[in-house]
Amino acid sequence: MCERGRGEWNRGMKKKENQRERVDFTRFFTTPNVPLLIQTGCGQYKFSSIAPTFKSIFKRRPRGPPIFVSPLHKMNRYAAMPALESCLIRLIKNTTVSNLSALRISRKSFCTENFKAAASTSGQLSNDHEQKQTISKNIEQYDVAIVGGGMVGMALACFLASMPLTKQLSVAIIDSNPALGINLCIKKDEPPDPRVSTVTPASISFLQDAGAWKYVEQNRHAYFDKMQVWDYTGLGYARYDARDVNKDFLGCVAENKVLHSALLSCIKDSDFKKTIYPLRLTSMTLNPTSISMVDESVTSRESSAQGQSAELQLSDGSSIYAKLVVGADGGKSRVRELARFKTTGWNYSQNAIICTVEHTSENRCAWQRFLPTGPIALLPMGDKFSNIVWTMSPTESNNHKSINEEAFLEEVNSALDYGYGPHPTSTLSGNRDIFSWFKTDQTLSANEFFEIPPKVVRLASERMVFPLSLRHANSYASKRVVLIGDAAHTIHPLAGQGVNLGFGDAFSLSRIIAEGIALGTDIGEVNLLKKYEADRKPANITMMAILDGFQKAYSIDLGPFNFLRAAAFSGANYISPLKRNIISYASGEQKLPVFF
């Protein structure tokens, strides 16, 4: 307040202690960002537009004018004369909500000659306000941000789109894979891609319920109803048949690009509110509340929404907000790194070489043989094609990748036939007699004899090599962040369970999110997300332990140990309750095996 105004105030108080100054509202404006100008007997005062949460507290100091206390800025400001209180309250009541903006009050004393300069400054501040508010509104806000648009991430989006409680969520999918932005045309006459997945009946059921499996069946895929497993010693042998558990099939082999395209088609054909960002996640701020409060132009509603979200910065410099961030970005997860999830695991001294091969007749059985260097699997793909997944040392994998086609095919046929050891026989060591007390309840496959896998005649794709490792996140969930799929766990591929564990994660998380919505809970709350972790962690750890045990068991080549492995094989083959349990567990119908 200028000296002239303060002097007039003091003289007025001396003349009549209880006399209130006469307030003359010469002009005022209530539109957003236009200041309210009030002229009193002691000077002029400028106020910003008045917020809907405006609550004025007028206090009288022993000397001088009353004090205005701003509830948003927590600062004392000079206000006009006491007569303003009732006028301002009436003004607030008569002001429409659409004209209310963030409260910001500043007191200035104007002289007639500098009023225009002050008004110009006010206009500049108003323009800055509008510019900041526009920038703030350009930051998109979503309920869920899925980082990673692979099979598991897209499966989560499909599951969310298929449920009434979650189909209204706004979802952002962040992945730099260009395939997400185009309609991938898969031609049936093209050779199959070597990157395939074995999908269990449980996962097929999930995808059928979401409406995605019908798109898989429109492309090349192969159901198989039998599986034969044996080892190089000729002692261990077991056969599994879908008829043992009254099923039509044990699983289905499909190319990864077919599965991914089916999930993407399912999402695109729905009315699901999704936005695909073909970008990479560069950084993530889990508590952006302080950032949103710096910009005073952001309304209280926007500030509250941002305070309940994580901020994700993308590779093009843009940002988005999300209530829940889902890390589905694979074994080298950026989300896991930024959220500082710790992991436990190790690298195997093994590589896997994969490729597509062709036979003279169609293969309808899944074959797996355990060799001294690691297992080799021959999986049907349909149209006389099969997929090879062969585990070996890094040196051997590099050699098998570089040798010519004829030499490689010879190595494959040898590994699936007499190479490394003899064929097993059903009566070897009297195994049938040892387990004869289960004869009354024997499965159909227990009476089947060993078969030689179909011969490979042609290499139909390139040979690809990738290292093998085991990795498990110590925690799957924290505030506003959750991990699924390989971002949470990476396992050995010998049983083809990796993608199925990921589908199980996505299905479980979608149900937990729906439960949170039904209860009115914030879907990013850690207590809700821990329910997902409690549901999936025991099942994932159990599967990882079993597969790691198999890998370590066949890394030892000793006579007594070989006999123990053979006894385990025979027990699984002839003990019908155990065999049925193994089939149910491997197909995903039960989370834990019988001995747990």
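Angles under 35 degrees count as roughly parallel, over 145 as roughly antiparallel, 65 to 115 as roughly perpendicular, and the rest as oblique.

A word on the model: it is predicted, with local features needing pLDDT of at least 70 and side-chain atom pairs pLDDT 80 or more, while totals for chains, interfaces and linings use all residues. Residues are numbered from 1 along each chain as its sequence is written, and side-chain values use heavy atoms, leaving out hydrogens and water.

Helices here are DSSP runs of H or I, at least four residues, and strands are E runs of at least two, numbered from the N terminus. Helix α4, residues 151-162, and helix α5, residues 201-210, have axes that come within 9 Å and cross at roughly 50°; the axes are lines fitted to C-alpha atoms over the stretch in contact, with angles from 0 to 180 degrees between N-to-C directions. So α4 and α5 are oblique to each other. Who makes the contact (heavy atoms within 4.5 Å)? From α4 we have Cys158, Phe159 and Ser162, and from α5 Phe206, Leu207, Asp209 and Ala210.

Now the largest nonpolar core, with 77 residues: a set of buried Ala, Val, Leu, Ile, Met, Phe, Trp, Tyr and Cys joined through side-chain atoms within 4.5 Å, buried being under 20% relative accessible area with a 1.4 Å probe, protein chains only. Our friend α4 gives the most to this core, 10 residues. Val326 is among those with the most contacts inside the core, and its partners include Ile146, Leu156 and Leu509.

Definitions and conventions:
Contact means heavy atoms within 4.5 Å. Buried means under 20% relative accessible area, exposed over 50%, partly exposed in between (1.4 Å probe, protein chains only). Lists of a residue's contacts leave out its neighbours within four places in sequence.
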